[in-house]
Amino acid sequence: MRKDDNTYFGAIHCPISPFFALSADASYNDPFDSGDNSDTAVMSLKFIRIKGAREHNLKNINVDIPRDQLVVITGLSGSGKSTLAFDTVYAEGQRKYVESLSAYARQFLEQLQKPDIDEIEGLPPTIAIEQRSASSNPRSIVATTTEIYDYLRVLFARAGTPHCWICGRVIASQSPSQIVDAVMKYPAGTKVMILSPLIKGQKGEHKETFAAIGKQGFVRARVDGEILELAGNKTPALTKTKVHTIEAIVDRIVLKPEVRSRLADSVETALKLSRGLVVVAIQKEGKAWSDQTFSEKFACPDHPHVSLPELEPRIFSFNSPHGACPACHGLGTSSEFDPEMVVPDAAISLENGAIEAWRKNGKRMNIFYSRVLRQFCRDFGISYSAPFREIPKKIQQILVDGTDKRGDAGTGTWFEGVIPNLQRRFENTESEFVKMRLHQYTSEQPCAVCGGARLKTEALAVRLHSDTPGPVAAPLPGSTGIHLPGYSIHDVSALTVETAKTFFQNLRLSEEGTAVAEPIVREISSRLGFMLDVGLGYLTLDRKTATLSGGEAQRIRLATQVGSGLVGVCYVLDEPTIGLHQRDNVRLIRTLKRLREIGNTVIMVEHDEECIRASDYLIDIGPAAGAHGGEVVCSGPMPDVLKNTHSTTIKYLTGEYAIVAPRTRRPVSPEKNALELRGCRQNNLKDIDVRIPLGGLICVTGVSGSGKSTLINQTLLPLLKRKLNGSKVKAGLHKAINGINKIDKVIEIDQSPIGRTSRSNPATYTGVFDEIRRVFAKTREAKIRGYEAGRFSFNVKGGRCEACQGQGNKCIEMHFLPDVYVACEVCHGTRYNSETLEIQYRGKNIADVLSMTVEEALAFFENFPRIAQLLKALNEVGLSYVNLGQPSTQLSGGEAQRVKLATELGKSATGHTLYVLDEPTTGLHFADIRNLLNVLNRLADLSNTVLVIEHNLDVIKCADWIIDMGPEGGEGGGRVVATGTPDEVAKSPDSYTGQYLRIKLAADQPGEQKIA
């Protein structure tokens, strides 16, 4: 080996990792040693070599992950995939990076504990792109997250065209020399007057103005278009009640080359006198004069109060006081009382409480408001007992907004109005309880000043022009109703990623503007291209990141990383296909391969079959979940690894195991037994009518951004919650809903955490812990001591350990190191005091029971029917490996959702319940999906309706009815493309879902479902 070979020579050039030289515990192999160590060093360049991994349920495994390849780690839920990828590979990479920094810098960074491993070699710098919730900051939008908005601000500041928002005129800033050059372009011999405008369309005699002109030595002025001599102290007599325009005549010149210097002096004098404006009057043929106004500042010559500061990026930022709307401070919305929340049900009469906000105020207040409404009905001639919807529209508006805003309809009566009354009470009360109660009737409304644009009028008046059809925008605040040409920065932000890409391709700028904008547009276009590649073309750039799903937020971060162009990095991704339709998978895989091709290692925790088959290397963790997992079942390059016969994953990939569509489906009737939504038009929905059959497994499908979540989560769910649960959540725009009387309750089962602290766990959430505590309270020793069930709770005083207050551990803050959680030295992590732990049932105390897995507890409490029923439900949804006392913060989204499903399964069946699930297959293996389908079918068999938003074809093909949205995402979607059974939808030529479903159904063979 040559000494000048920089593969090994010098830590700076080492492609392994900066940790190779910086980490104290890293082993170093001398490249010039003639021993076998050089082979180990070569191997460490080709692999991330992990030895003795024991984190969580990993069983001292050794695994080699090839570098610069696309690696998929798969396995059953809870088998240890995420532990290997995130808690081992990423955690160690992040820890080594942080250790390389100074102690001062370390205190500002998130620090991870060293994973429980013997050794890890060949680890490059790691970046985790996890499936976590997006930022909840209302100021964070897609454009700011991807840095596109920063480039937009620079583009508008350097290449934008400012306009007057009163008259629409282009505002330009010109120096005195530029003004002189413009005037000198006229032919020689042209007569020119240089005027300084002093008064523009103002009433008055303006004697002081004429006096000031005379003192400065000017002998002529143009008043209302007429030239007047200002001889001596004589002042022109003007009519006080009429508007006048006064301009001082600075100079009169006949153009020729030698007068350039004189013209420049006169222009500067005029600019100084009028503070930046000069009018150049040119005599045309026939002795008529034509005026041309020039401005030294960004100000409209016709409307001097319309002015802009020097165009800088900060005036286009809604996070800066220089650009943010002064009314909403850049949020774009304000919390206002909403008529729809005040009167939630128009079918109710005033007598029966149609004014929801004037109910439940206490007996005396209810009597008072009842008298007020009766008097209103007498004054305006309406019935107190008629439904609210039958009251004339004009009278409804007066009732809600008051006579000050809506008039008195000729009655001569004053009425405050419901909303002004609520507003006054909210502003005057000092009671936090009253404020919280009144706040229920408010909703986020677009800012009344900026209309939701977030920016000042000055920033919105700066425009760019493109051959892309312009937006239909509202007039700017403070304008005369004029629509300015082109796009404002708000208009560009309102475009979808796909449309924005076209906008910048068709951008029209001047020659100078094109030169300035070229590098900016290149950066913006590349970022938009990356977002298109990961299937996010339907998102608008101004979409709040708080409204994004976990999968969308992850793909945005992925697009940002692709745009960064880093090389030699190990990316660790958590199911990037979440929320992605099969049609868009190809583009995502292409993006991941691009990361690999430029010299990065891509490690994915993934269950999607298409992604697994597209990978270079597969690692299957298992064979089962929890304590039965944590081993490497098989690993190897694709497709060679498919020859393994012991892996459940491989058996599903090769077709030995499969989820087969049912032979018969439940007969559902969208005509006779259904929920009907009419006129849905929220977001991109195109005023659609939808019938959702009841009594079966119903799937809502469609490409990403087609309107599935808008239809179900933003329209249907809030409507049902308001009608059935009394919720105050506002539903999406719609005309009507029919069939609510056919269901008795609605339950949303999402992937949000079941709790936010370590005190919450599966046992407490499902209610099984209440039953277990009662069992311990009934033991002989507990009765002798007088212990009730509350004694065995770790949340209240009595039986818990007071040293750690029932937490079981304590957090020790380490200023320059990661915080350390240590077991409580009093209870040793059991959460209870010694007296409580002395109570045992069948040789186990309450802490021992919390440490049991669901599988162990089910056998232990088999003689208690209620406990066994709840534990059996947890076992059936595939959570047999989870400890009863496992903190909810340690559960994945999929596990949390299955805990909620088990809770519902453990309840007594009532029928006529609507269960709503949004992508329940997230994080689920093929075998777990089979278990999930069994649970969903059980719920549907009990006359309930299971409504699922889903992309997974195994679930879709097992549905009783499909509602397919599309055909595209964003503005190209929002319509119902196809409805029917899976076999009927598969025949639809317009449905992308149908095309993939046709292939999936064709692959199924008749016969019983094959199972693992």
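Me: How far can I trust the coordinates, and what is the mean pLDDT of the chain?

Reply: Where pLDDT is low, the predicted coordinates should not be read in detail. In this chain the mean pLDDT is 86, and 91% of the residues reach 70 or more. Residues 1–36 stay under 50. The model still has 50 contacts for them beyond four places in sequence. Residues 1006–1012 are also below 50, with 17 contacts beyond near neighbours in sequence.

Me: Next, the helices. Which residues of helix H18 are buried, and where do they fall as seen down its axis?

Reply: Buried is taken as under 20% relative accessible area. In H18, residues 497–505, the buried ones are Val497, Ala500, Phe503 and Phe504. Seen down the helix axis, these residues fall within an arc of 110°, so they line one face of H18.

Me: What covers the buried residues of H18?

Reply: The cover includes three helices, H6 (148–159), H17 (489–493) and H19. It also includes strands E18 (465–466) and E19 (507–508).

Me: Which residues are buried in helix H12, and what covers them?

Reply: H12 spans residues 393–401, and its buried residues are Ile395, Gln396, Ile398, Leu399, Val400 and Asp401. Their cover includes helices H10 (339–342), H11 (363–380), H13 (403–406) and H14 (418–428).

Me: What backbone feature comes just after H12?

Reply: Glycine 402 stands there, with a positive phi of about 90°.

Me: Which residues line the second largest cavity?

Reply: That cavity has about 40 Å³ of space. Its lining is made of Gly75, Leu76, Asp620, Ile621, Pro623, Val633, His646, Ser647, Thr648 and Thr649. Strand E22 (617–622) and helix H23 (648–654) each supply at least two of the lining residues. By class, this lining has four nonpolar, five polar and one charged.

Me: And the open spaces: what is the volume of the second largest pocket, and which residues lie nearest its centre?

Reply: A pocket is an open set of grid points, unlike a cavity. The second largest pocket has a volume of about 1400 Å³ and is lined by 43 residues. Nearest its centre are Pro339, Glu340, Val343, Pro344 and Asp345.

Me: Which element gives the largest share of this pocket lining?

Reply: H12 does, with five residues. Other elements that each supply at least two are strand E15 (333–337), H10, H13, H14, helix H24 (708–725) and strand E27 (736–738). H10, H13 and H14 also belong to the cover of the buried residues of H12.

Me: How does the pocket lining divide by class?

Reply: It has 18 nonpolar, nine polar and 16 charged residues.

Key:
Residues numbered from 1 in each chain as written. Predicted model: local features only at pLDDT ≥ 70, side-chain atom pairs only at ≥ 80, totals over all residues. Heavy atoms only, no water. 1 Å grid on protein atoms, 1.4 Å probe; cavity = no way out; pocket = protein on both sides within 12 Å on 5 of 7 lines; lining within 4 Å. Points joined across faces, edges and corners; volume = space filled by probe spheres on them. Helix = DSSP H or I, 4+ residues; strand = E, 2+ residues; numbered from the N terminus. Nonpolar A, V, L, I, M, F, W, Y, C, P; charged D, E, K, R; others polar. pLDDT = per-residue confidence, 0-100. Contact = heavy atoms within 4.5 Å. Buried < 20%, exposed > 50% of the residue type's maximum accessible area, 1.4 Å probe, protein only. Arc of directions from axis to C-beta.
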